[in-house]
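Good morning, and thank you for the time on today's agenda.

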Amino acid sequence: MRWITIEKNKRKFFKLDNASKAFSLENKNDSPIDLRVDIYYALARSYFHKYTNSDLTKALVYIEHCFDEEEDIDLEYYLLKLDILIALKKYDEAKQVIAKAQANFGNAGDLYYAKEKVSYSIALDKIANNDDTYKKDLEDALYYLDIFEKYSENKFVINLTRVEIYTALKDYHQAITILDTLVTEDNIVDIMIEKIKVYETSGNIDAAIKLCEDFLENNDSWKIKYSLGYLLYAKSDTDDVINKCLSLQYDAYKDSKESFVLYEICILNNKLF
């Protein structure tokens, strides 16, 4: 699933933290008829965020109900339907939805971002299937992103999206260059995590390890400790390395209490016995 999202939610039930409320309305016969479309949308969005294939299929059913019930549909309904179709890899259908949305709303900026997501997702599928034509799709993604930038004030998210695209294009230098322009005192750790992703994808594990080690010489961050442990183990699985990884992961867990870190500790610990 892509790690960049742009939230556009406005209605009461649309918020993800109200997902349980949305699910509680499913199959209720006493729900207000005038809120039926809102409930369908809430259910579609909630199932979408569960993101399994079966839940995505349910999400598509509910968003289709919205279109069946209401002729004058808002753009946000189209955008959710697009996200669901992209997640289900129904790219031709997604393109048809974009065309219908453009017919109703003109060249809305959000539709260019949707086009970027379709092109990017198609490219990733081609890469996974060793289809060398993926570069054209990534170039299309950059083109649509450039247009979307004219409509959006969220330059940070746009640049992170560019990093994803350049990483997929294997232009790792450009991806790192963009990330360097985004660093602030408040986000330095998060930008480092993005750099680590780029280095790992490029196969330059040593650069990622050095980045973590240099940072930890004068700073403290459970995220960087966790990342360093992960990277060291990716490079070598000797007992000495595993023990060093365990030390880093224990520190990370004490500071974060994140369950996925605890899981990694258990996995590493089992490697020693």
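At what angle do the axes of helix α6 and helix α8 cross? The axes of α6, residues 109-128, and α8, residues 155-168, cross at roughly 25° and come within 11 Å. Here axes are lines fitted to C-alpha atoms, for helices over the stretch in contact, and angles run from 0 to 180 degrees between N-to-C directions. The two helices α6 and α8 are therefore roughly parallel to each other, a term for angles under 35 degrees. The crossing of α6 and α8 is left-handed, in that the near helix is turned anticlockwise from the far one by less than a right angle.

On the α6 side, the contact (heavy atoms within 4.5 Å) is made by Y113, E116, Y120, L124 and I127. Helix α8 contributes T161, E164, I165 and A168. By class, the residues of this contact are six nonpolar, two charged and one polar, with Tyr and Ala counted as nonpolar, Glu as charged.

A word on the source. This is a predicted model, in which local features need pLDDT of at least 70 and side-chain atom pairs count only at pLDDT 80 or more, while totals for chains, interfaces and linings use all residues. Residues are numbered from 1 along each chain as its sequence is written, and side-chain values use heavy atoms, with hydrogens and water left out.

Turning to the whole protein, the secondary structure comprises 14 helices and zero strands, helices being DSSP runs (H or I) of at least four residues and strands runs (E) of at least two. Of the 273 residues, 46% are buried, meaning under 20% relative accessible area with a 1.4 Å probe, protein chains only.

Key: Angles under 35 degrees count as roughly parallel, over 145 as roughly antiparallel, 65 to 115 as roughly perpendicular and the rest as oblique. Buried means under 20% relative accessible area, exposed over 50%, partly exposed in between (1.4 Å probe, protein chains only).
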